[in-house]
Amino acid sequence: MPALSRTESELFLAALGEPLNARRHELVLRFAQGNPLALGELFHAARTGATIEDSVVPITARLERAFASEVGALDPRARRLLLLAVAGVDISLAELMAAAATVGAGPGELGALEEHGLLTVSGGNLRFRHPLLRSTVYGRAALTERIAAHETLAAVVADPHRRAWHRAGAVLGWDDDIARELEEAARELARRGAPAEAAAALSRAAELTTGPRDRARRLVDAAEHARRAGLTDLVAELVGRARPLTDDPVVRLMLHTMRAGTAAFASATRPDLQPYADFARELAGRDAADFDENLLRLLWPMGPLVWLYGGDGPVVQQAVEHVLAIRTPRWSPWKWLLLAALDPPRFAERIVPRLDEMLALWESDPGALPVNFAHIVSAVQRVTRSVPLHEKIRDTLRAGGSGADQARHEVALATSRNVIGDPRGGLVAARVATRLSEALALPMQTAAGYAAEALAQAWLGDAAGSRAAFEASERTAPTAWPIVRANRHWAAGLLALSERRYREAWDHLGRTSVHATTYLWAIGDLTEAAVPAGETVAARAALADLHPDVLALDSPEVDATYERARALVD
């Protein structure tokens, strides 16, 4: 049967039952390559919980039988050559033939593989007839055959990082030397913008590591790379493997961050911030001479979580006081940016005068500041300045292959552009964020993208487009992060205001208060709805409540909005 087209494959999967999430759906399409048997088998494997990732493809008995007869017809030397080819992954033709010579195979056996239609050779490169052939051949080979293949490949592959992979494939027990080689390979993969491959290398390195502390550390690093790649299932697996290995408070906090961050992208449930407050208390008890900025950086994930969920509550206030008490030998941008993330009005005055200095520092060394630095610039109401910073960080993340982080910055960029009066730019960024988030199966982030799009469309006067994006956001995540719910209400309020449904506009715009920063941005629209809705007194009270924050932020952008709002109700 000829391969199905993309459209035919989509229809085939739709007829099989409830759809998979966007990422698994794409992986099934990619690995099946239009083969109806593969489409059906991979779909049902994914539905029953099997892992489907670039490096893990479930081969069912029916799929194995479909390829087995073709492989079984080969003579032993051709089968050995085929196993070398599939085990080599990115092997060049020259490397393959060098390996083949050591097992008694040569051009004749390569020609036999072509004649059987299993692979083709073009320009020194190999191309397999079907992506699942690799997994089938490798999975059917005996353990001793796989080990021998990797030993052979390790002897001929020149690249040290690929050689480390093959050395790892040829051992069954622990080997700290190979583990260190794989860790270095992971660093190189991360530099090349391949976080998923880096995670796989570190995961295998952990399996080869003798000491539980180093094993846990490598699993934590693997989980971080998996998070950047948007592999939420893999993050959960890696964290689960690492937790029993150590009681080290530093490693335990890192594991908590992985778990909390992954959960945040899948659910609107507020994460537990108490471990951060406890760790901040421990750091606050140290002398300035013992200050370690790397430990302070471990507290930073609180900032993005509070940005998404809001900063009210005793745990956040505990953390603020403990972080404030941490003694540092010099001014620490990590300390004061974290405090500004946790309580923007209170600490804006400590970072705003140093923004130029911090921007110059980030330009020279992006790792010297948190990746979410631009969010804090927005939180202290320097939104115009945050836009180019979001763009630069977004471009850096894109080049590094960090899809999940890029999607988050696209949403922030969309929101910032909407706030400064550039809804067309906001619409573009929101749609990029939505596509990325859907591809990575991140429902909360997808809902955030749609909410930002709804707001941009409302500003552009496209009522139908805004309503469609609003409904898509609610459909994707009915219970979303507070910042997402606030953007939805802002969009709905703007539409109602433009259509002179003033009471409805007042109700929606008032609900932006679920996220303090968004509420401040929307206050001008709220007061515009207040007068015709008969809520002038309530609007004056809302402005009075905000006045201390407006004064503390001392932002020209907020001052202009606030004064316009006061003029409407005075």
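Predicted model: local features only at pLDDT ≥ 70, side-chain atom pairs only at ≥ 80, totals over all residues.
Student: Which element gives the most to the lining of the largest cavity?

Tutor: Elements that supply two or more residues to this lining are H18, helix H23 (373-379), H25, H27 and H29. The top contribution is five residues, and it comes from H25.

Student: How many charged residues are in the lining of the second largest cavity?

Tutor: This cavity holds about 70 Å³ of space. Around it stand Leu 283, Arg 286, Asp 287, Asp 290, Phe 291, Asp 292, Leu 296, Ile 326 and Arg 327. Four of the lining residues are nonpolar and none is polar, while the number of charged ones is five.

Student: Let's turn to the open spaces. Which helix supplies the largest share of the lining of the second largest pocket?

Tutor: The pocket has a volume of about 1,700 Å³, and 50 residues line it, with Glu 224, Arg 227, Arg 228, Met 258 and Val 371 nearest its centre. Helices that each supply at least two lining residues include H11 (176-191), H13 (212-228), H15 (249-266) and H24 (383-399). The largest share is 10 residues, and its source is H15.

Student: And how many residues of that pocket lining are nonpolar?

Tutor: The lining includes nine polar and 13 charged residues. The nonpolar ones number 28.

Student: Now the packing. Which residues of the largest nonpolar core touch the most other members, and what does Trp 481 touch?

Tutor: The core has 103 residues, and those touching the most other members are Leu 299, Leu 337, Leu 342, Ile 351, Phe 373, Trp 481 and Val 484. Setting aside residues up to four places away in sequence, Trp 481 touches Ala 264, Phe 265, Ser 267, Ala 268, Leu 308, Tyr 309, Met 444, Gln 445 and Ala 448.

Student: How many residues are in the second, separate core?

Tutor: Its members include Leu 81, Val 86, Ala 100 and Leu 113. The size of this separate core is 27 residues.

Student: Against which helices do the buried residues of H30 pack?

Tutor: Helix H30 spans residues 502-510, and its buried residues are Ala 505, Trp 506, His 508 and Leu 509. Their packing partners are helix H29 (482-498), H31 and helix H32 (536-553).

Student: Is Thr 527 buried or exposed?

Tutor: Thr 527 is located in helix H31, residues 516-533. Beyond its neighbours within four places in sequence, Thr 527 is in contact with Ala 539, Leu 543, Ala 565, Leu 568 and Val 569. Because its relative accessibility is 1%, and the cut-off is under 20%, Thr 527 counts as buried.

Student: On to charges: about how far apart along helix H12 are Glu 207 and Arg 204?

Tutor: Their side chains meet in a salt bridge, at 2.9 Å from N to O. Glu 207 is partly exposed, at 41% relative accessible area.

Student: What is the distance between the closest N and O atoms of Lys 392 and Glu 363?

Tutor: Lys 392 counts as partly exposed at 39% relative accessibility, and Glu 363 is partly exposed at 47%. In the salt bridge between Lys 392 and Glu 363, the closest N and O atoms are apart by 2.3 Å. This pair links distant parts of the chain, with Lys 392 in helix H24 and Glu 363 in helix H22 (residues 355-364), and the sequence separation is 29 residues, while the distance asked for is 2.3 Å.

Student: In the pair Glu 453 and Arg 431, is Glu 453 buried or exposed?

Tutor: The two side chains meet in a salt bridge of 3.4 Å, N to O. Glu 453 lies in helix H27 (residues 443-460) and Arg 431 in helix H26 (residues 423-439), 22 residues apart. Arg 431 counts as partly exposed at 37%, whereas Glu 453, with a relative accessible area of 11%, is buried.

Student: How many salt bridges does the structure hold?

Tutor: Some charged residues are linked in a network of salt bridges, among them Glu 183, Arg 187, Asp 214 and Arg 218. For the structure, the count of salt bridges is 41.

How values were computed. Residues numbered from 1 in each chain as written. Heavy atoms only, no water. Helix = DSSP H or I, 4+ residues; strand = E, 2+ residues; numbered from the N terminus. Buried < 20%, exposed > 50% of the residue type's maximum accessible area, 1.4 Å probe, protein only. Contact = heavy atoms within 4.5 Å. 1 Å grid on protein atoms, 1.4 Å probe; cavity = no way out; pocket = protein on both sides within 12 Å on 5 of 7 lines; lining within 4 Å. Points joined across faces, edges and corners; volume = space filled by probe spheres on them. Nonpolar A, V, L, I, M, F, W, Y, C, P; charged D, E, K, R; others polar. Core = buried A, V, L, I, M, F, W, Y, C linked by side-chain atoms within 4.5 Å. Salt bridge = Lys/Arg side-chain N within 4 Å of Asp/Glu carboxyl O.
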